Amino acid sequence: MSRPKRATVPAFVARRFALLRLLWASRMWVALALLAFAYVLTFETQTTPLYPKILSFVGGVGFGVWRLPDTLSMWRAARAGEIRQAVVTSKSPSLWYSNGVPLMRMVWRDASGASGQSRLGHAHRFPGPNTKIIVYADPKTGRTWWEDEL
Amino acid sequence: MSVQRKTPGPTIVPDQTVQPDATDVSTSLVALVFHRPPWLALGLALVAILLSQAPDPTNPDATGVSASVFALPMLSLAVVAALPTLLRVLSQKRALASGDWISARVSTVETLRSDAVLPRHRIMWTDPVGRAGRSLVIRKRWVPPKGTTIRVRQDPTNGRQWWEGDFPGIIPEAALMGTGASAGSTKGARLSGAWSRIGTWVAIFGGVFTVMLALSGAPSLLTSLPVIALLLGLRSTVLHHRAFDRALRFGKRLEAKVIRHHTAPISRISSLKNRRGAAMEWETRRGHFGETDYVAADRVIEIGKKITVCVDPVKAPHFGKTRKHQGKGDAG
């Protein structure tokens, strides 16, 4: 008689650092795409007017400068950050809407007592309160990042 | 019929039969890939093939180049489009090869495209450690609701988790628990709907073409082609019949619901009053789904009514057990 296998508690496996996922989660890919577009435009010197090059270059640089602190923080957290268990406490509303639906941030409190926030999103995309999650702490600033967005 | 339903069924003795586990189910590369087929990549590859066959310009004063120069870029696009599927399949294979099932709890049900008639969903779960996972997009009506305990598998290299519903052909454990033991009747398995299966017709027409070619003195190389079709069709039919027989003899019963009918396109000439046969698509409460063979009009169960499904214990597929007049009116 063979009994069905019971589900077990898994051994924790730390997520491997993945550059593409980090670029996606930090939205730094937008800046890189704009800069790449600007670079491509430089090849059409005769026909292309100047303003698309300037717009995409300045936009890419500006976006990159805006996202750089968060990207570096996420990088440090993913590379050498402390891994903590956290509990979702609430969802905090924001001023942003998407098709009339208010966008929220998920708020958590981790094992060391520090609290953190996720990025904007629909409320149903985040796990509800009292759900356990895993966060990575940035060793420099102490800011915590949800593993799902890292 | 109503009397039968009120009487208690056979005594349920759970956990005594072998349940299909990930190691028992054939999770071949093809099955894993086509669980969520990479349609975009396949389409792009087809376009690339077609583009590669574009003729070169023969007109001496033609300008430009042949469309075949776009074949290689299109092929690279196809490769890029196939990349997510490839990563998924590799990760799922790793998850199946090592480790064990992890029980997790559904933390949220994401609604994608909520304005659609049939919104698509994705579940998100949390395991005891706190690792979060997302399922593939569930294009079904029944989704495991929030708070349900589900089984997932973890890919050991990157910690990515996969719900059992994301693997082809795995029956959920909870759905199997408490379902009645089967009675051992093989009455319905005489031909198991073989006439409605494409393999049978491939075999029949393969045989016909073989005879025709042999009588007309065609070269043997050409005659061997329908023979191959005949053998493949026969194999498909026989394997299906065996699986059907197993499912009816000692397969588990699942309670499912008919969600859609796939009917023949021609209605006027096939029957009166638009009473057509149909292949019934069904789903269990846990979101696992399948389709029955094409059955005649008097065996078709209405959409939304219950259907009993037998699970072949050796391989994965399920077979709908259609009962005459089941679900018509207030029979229960």
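This report describes a helix pair in chain B and a strand sheet in chain A of a predicted model.

## Basis of the description

In this predicted model, local features need pLDDT of at least 70 and side-chain atom pairs count only at pLDDT 80 or more, while totals for chains, interfaces and linings use all residues. Residues are numbered from 1 along each chain as its sequence is written, and chains are lettered from A and ligands numbered from 1 in the order in which they are written.

## The helix pair in chain B

Helix α3 (residues 39-52) of chain B packs against helix α4 (residues 71-97) of chain B at an angle of about 165°, and their axes are 8 Å apart. Helices here are DSSP runs of H or I with at least four residues, and strands are runs of E with at least two. Axes are lines fitted to C-alpha atoms, for helices over the stretch in contact, with angles from 0 to 180 degrees between N-to-C directions. The angle makes α3(B) roughly antiparallel to α4(B) (over 145 degrees).

The residues of α3(B) in this contact include B:Leu40, B:Leu44 and B:Leu51; those of α4(B) include B:Met74, B:Ala78 and B:Thr85. Contact requires C-beta atoms, placed from the backbone, within 7 Å.

## The sheet in chain A

Five strands of chain A form an open sheet in the order β3-β2-β1-β4-β5, with antiparallel pairing (at least two DSSP bridges between two strands). The edge strands, β3 (115-117) and β5 (144-146) of chain A, each pair on one side only. From one strand to the next, the twist averages 45°.

Strand β1 (residues 82-98) of chain A is joined to strand β4 (residues 132-137) of chain A by six bridges. A:Ile83 stands opposite A:Tyr136 in β4(A).

Methods
Angles under 35 degrees count as roughly parallel, over 145 as roughly antiparallel, 65 to 115 as roughly perpendicular and the rest as oblique. Two residues are in contact if their C-beta atoms, placed from the backbone, lie within 7 Å.
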